[in-house]
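Here is a short report on the structure shown below.

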Amino acid sequence: MNLSYTEQQQAFREEVRAWLAEHVPAEPLQSFDTAEGFRQHRDWEATLNQGRWGMVTWPETLGGRGCDLIEWLIFEEEYYRARAPLRVNQNGIFLLGPTLMEYGTDEQKERFLPAMAEGRDIWAQGWSEPGAGSDMAAIRSSARREGDKYIINGQKTWSTRAVWADWLFGMFRTDPESERHRGLTFILVPLQTPGITVRPIPQLDGLPGFAEIFFDNVEVDVNNRLGDEGAGWAVAMATAGFERGLMLRSPARFQETARRLVQLYLENEATASQDPAIKEAVIRAWLDAESYCLSTYQTACRLSQGGKIGAESSTNKIFWSELDQNMHATAMSILGARAELLSHAPAAQGVGKWLDGWLFSQSGPIYAGTNEIQRNIIAERMLGMPR
Amino acid sequence: MDFTFSEDQLLFQDSVRDFLVNEITPERLRAGWDTDSGREPALWQQLAELGLTGMTVPEEHDGLGMTALDFVLLAQECGYVALPESLVNHALVGVPLLRDIGGELAASWLPRAASGEARIVVALEQNLLAEDAHVADLLLLEQGGQLYALEQGQFACEHNQSIDPGRRLFTVTVNEGVAPVLTGERAAELRSASLNRGALGCAAQALGLAQRMVDLSVAYTTDRKQFGKPIGSFQAVKHHLANVAVKLEYAKAPVYRAAYAVAEDATSAAGHVAHAKLAACEAANLAAKNSIQVHGAMGYTWEVDLHIFMKKAWALANTWGDAGFHKQQVAQAIFAEDAVLGAGATFQ
C-alpha cells in the first residue's frame with residue numbers, strides 16, 4: 001500500500017488543472033434541459049474534445065488519452081474542482097461508449113465513437129417502458145426484421161436527454177414469441193427517423209430532462225444493431241454495469257458538494273448551529289463523501305491490478321444516492337426559509353444551486369435501478385440469501 | 001498510488017482467519033466466561049506461536065518488525081471470532097508504546113512480548129477502565145497525564161462486570177510510591193499515539209464483528225422457514241441485511257487508510273482514525289440492530305450466539321473514544337480555517 005501519487009500522476013493533475021483553468025467558461029452554462037443550454041453544453045463537449053480531455057480513458061486512437069482509472073479519478077477531481085459544466089453526453093461517453101468498445105464492430109466503433117467524442121452525436125437512453133421499469137425484462141417494444149431493416153414499434157419512457165438528443169440506444173423485442181430476457185436486441189436509433197414522436201416530460205424543476213418516445217413503424221438499418229440479435233440482455237447488463245460502476249458517479253462530485261456544505265454551514269453558523277442535528281449531518285456528509293472516495297480508489301487500484309469488480313459494487317449506487325440526498329437535505333435545513341426560493345428571487349441571497357441539487361438528488365435512489373432493486377441484488381448475489 | 005494489501009498480507013490474514021475460526025468457537029468462548037480469569041494461557045501461547053504476539057515488535061528485539069498496516073487485517077479477524085484475549089491491545093497498542101518509551105524498559109520487555117511470555121496491556125484515562133489488567137504482565141497505564149509501567153503487585157485492581165461476558169474490565173489503583181515512567185509533554189504525545197492505535201484496533205475489530213453478524217444472520221434467515229419459505233427470501237428481511245452490507249463495505253477503506261496513516265506516523269492520523277472508528281462502529285452497531293431483528297425472538301436470547309458479537313460491538317463503540325469524542329476530532333479538522341477539503345484533497 002502506498003497512498004501517495006506518483007510524480008507522473010501529480011504532473012497529470014497539473015496538466016488537467018492548467019487546461020481547465022484556461023477553458024472552463026467563466027459564466028456557468030444554462031441548464032442542458034433547455035434548448036440554449038443544450039447547445040452550450042454540446043459546444044463545451046467539442047471544446048473538451050479539442051483538448052483531448054473529452055474521454056480520457058478512451059484509447060488514443062479514438063481521441064482519448066488511454067488513462068488508467070487513477071488518472072481518471074484525478075481528472076474528475078480537477079473537473080469538479082474547476083466547476084466545469086456537467087457532461088451532456090454522459091449517456092454516450094460513460095455508458096454506450098464502453099459498451100460499444102466491447103460489443104461493437106470496427107465499423108460501428110468508427111461510425112459512432114468519434115462523433116460521440118466531438119459532441120456531434122448526443123445520446124439518449126431507451127430502456128424503460130410504461131410496463132417495464134424495475135422489471136426491464138418485461139420490455140414489449142418490438143423490432144421486426146424485414147430484409148436489412150428493423151421495423152420498430154412501441155413506446156419508451158423516462159428517456160434522459162431525449163428531447164434534444166440525436167440518437168437513442170435501447171432494447172427492443174426482436175423475437176415476438178420470446179419471453180423475459182430472451183429475444184431482446186440492443187439497437188441504436190437516430191431520433192430524427194420518420195415515425196418517431198418525442199413527447200417531453202417536465203421534471204421536478206419544470207424542465208424537460210426526459211421524454212416519452214413513440215415508435216410507429218420506424219425503419220432502422222440492421223447494422224445499427226449492437227451485438228447479436230437476441231443477445232440484447234447481455235449487452236444491456238454490460239451498460240448497466242458501467243452505469244452502476246465507477247464511471248457515472250465519481251467521488252469528486254460528492255466531495256465538492258461536501259466541501260460546499262461545510263462552507264455553507266460556516267457562513268450560516270449563527271442560525272444553523274441552533275439545530276445540533278445540522279452540524280452532525282455536515283460532519284457525516286463529509287465523512288461519507290471521503291468514504292466514497294477512499295473506497296473508489298481502493299476498487300480502482302484493485303481493478304488496475306487485474307482484479308474483477310464483484311457483487312459488492314452493487315453497494316455503491318445506494319451509498320452515493322443516499323449521500324447526495326442527505327447532503328442536499330442538510331443544505332436545505334441550513335438555508336431555512338430561503339431554501340424554497342428560486343435563485344433569481346430577490347430574497348434568495350446565498351442560496352446558490354442547492355435547490356437544483358436537492359431536486360436532482362430525489363432521482364438518485366430511483367434511476368439506474370431503484371435502490372430497492374439494488375438491495376435485492378446485494379442480498380442475493382453478494383450475501384447469498386435465498387431468492 | 002496503490003490502495004491494496006500485498007499478497008503476503010492477504011495470505012497471512014487467511015491463515016490467521018482459518019486458525020481463529022477453528023479454534024475460537026462460540027462453545028469455547030462460552031466455556032471461558034465461567035472461568036476466573038476468562039483467559040487461557042495455552043491459547044495465548046498458540047497465538048504467540050503463530051507469530052502474532054511478536055508481529056509488531058522490532059526485529060532487534062526478536063519480533064517481526066511489522067506495522068499497524070500489517071496488523072489491521074488480523075485485528076479484523078480477531079473481531080470476527082470475538083477473540084477475548086487482549087491480542088489487539090498487546091500488538092497494536094502495547095508493543096508500539098513500549099517501543100516508543102524505549103530505553104531499558106523496552107529492551108527488557110519487548111523480547112518477552114515477542115515470544116508471548118509477557119502480555120502488554122495499555123489503559124488510558126479515556127477508556128475509564130483497564131481491560132485485562134488482571135493478566136497483564138506489564139500494564140502501561142495513563143493516569144493524571146502520567147504514564148506508569150506496572151507489573152503485577154504494583155497496582156490493585158477491582159473487577160467491573162460488563163454485559164459482554166468476554167470482557168474483563170478493572171479499576172486500577174497504583175500502589176503508593178510507584179513512580180511514573182513518563183510525564184509531561186512526552187507522556188501526552190504517547191498517550192495520543194496510543195489512543196489512535198487503540199481506536200484503530202476497535203475499528204478493525206468492528207469490521208470483523210459486523211461481518212460475523214451478517215454471516216450469522218444470512219445463515220439463520222436461510223434456515224428459518226415461515227409461510228412455507230425461508231424468511232431470508234422476503235425483501236423486508238433481505239433489505240435489513242443489505243443495508244448492513246452497504247455500511248460495512250464503505251467502512252473498510254477508511255479503516256485501512258487509518259492503518260496506513262498510523263503506520264506512517266502521519267500527523268493527520270487522529271482524523272483518519274476518528275473517521276475509521278466512527279464508520280466501522282456504526283456499521284457494527286447497525287449489524288447488531290438488524291441482526292437481532294432478523295433473528296426474531298431467538299436473537300434476544302443468551303442461547304443463540306448472536307449476542308456474543310453484538311455485545312462486543314456495543315462495547316467497542318464506546319471505548320478508545322466514544323462517537324462524541326471522535327466526531328469532535330473530525331469537526332476540528334473540517335471546520336478549521338486552514339482546512340483543505342473537497343475533490344483532490346483526500347490524499348494530499
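## Where the chains meet

The contact takes 46 residues from chain A and 40 residues from chain B; two residues are in contact if their C-beta atoms, placed from the backbone, lie within 7 Å. On the side of chain B that touches chain A, α7 (184-223), α8 (235-263), α9 (269-295) and α11 (323-334) of chain B each supply at least two residues. The most comes from α8(B), with 13 residues. Helices are DSSP runs (H or I, at least four residues), numbered from the N terminus.

By class, this side of chain B has 24 nonpolar, eleven polar and five charged residues. Ala, Val, Leu, Ile, Met, Phe, Trp, Tyr, Cys and Pro count as nonpolar, Asp, Glu, Lys and Arg as charged, and the others, Gly among them, as polar.

## About the model

This is a predicted model, in which local features need pLDDT of at least 70, side-chain atom pairs count only at pLDDT 80 or more, and totals for chains, interfaces and linings use all residues. Residues are numbered from 1 along each chain as its sequence is written, while chains are lettered from A and ligands numbered from 1 in the order in which they are written.

## Two helix pairs

At what angle do the axes of α9(A) and α9(B) cross? The axes of α9(A) (residues 276-304) and α9(B) cross at roughly 90° and come within 11 Å. Axes are lines fitted to C-alpha atoms, for helices over the stretch in contact, and angles run from 0 to 180 degrees between N-to-C directions. The two helices are therefore roughly perpendicular (65 to 115 degrees; under 35 is roughly parallel, over 145 roughly antiparallel, the rest oblique). Leu287(A), Glu290(A) and Ser291(A) of α9(A) meet His275(B), Leu278(B) and Ala279(B) of α9(B). Three of these residues are nonpolar, two polar and one charged.

Within chain A, α3(A) (residues 69-81) also packs with α9(A), at about 150° and with the axes 9 Å apart. That makes the pair roughly antiparallel. Leu69(A), Ile70(A) and Leu73(A) of α3(A) make the contact with Thr296(A), Tyr297(A), Ala300(A), Leu303(A) and Ser304(A) of α9(A). This contact has six nonpolar, two polar and no charged residues.

## Burial and the core

In helix α11(A) (residues 354-361), the buried residues are Trp354(A), Leu355(A), Trp358(A) and Ser361(A). A residue is buried if 20 or more other C-beta atoms lie within 10 Å of its own, exposed if 12 or fewer, and partly exposed in between. Down the axis of α11(A), these residues fall within an arc of 125°, so they line one face of the helix. The arc is that of the directions from the helix axis to the C-beta atoms. They pack against α10 (315-335) of chain A.

The largest nonpolar core has 220 residues, of which Leu200(B), Ala203(B) and Ala206(B) touch the most other members. Its largest share, 18 residues, comes from α8(B). Such a core is a set of buried Ala, Val, Leu, Ile, Met, Phe, Trp, Tyr and Cys residues joined through C-beta atoms within 7 Å.

## Two single residues

Gln50(A) lies in helix α2 (residues 35-50) of chain A. It counts as exposed because it has 12 C-beta neighbours inside 10 Å.

Asn371(A) belongs to helix α12 (residues 371-382) of chain A. With 21 C-beta neighbours inside 10 Å, Asn371(A) counts as buried. Leaving aside neighbours within four places in sequence, Asn371(A) is in contact with Lys317(A), Ile318(A), Ser321(A) and Pro365(A).
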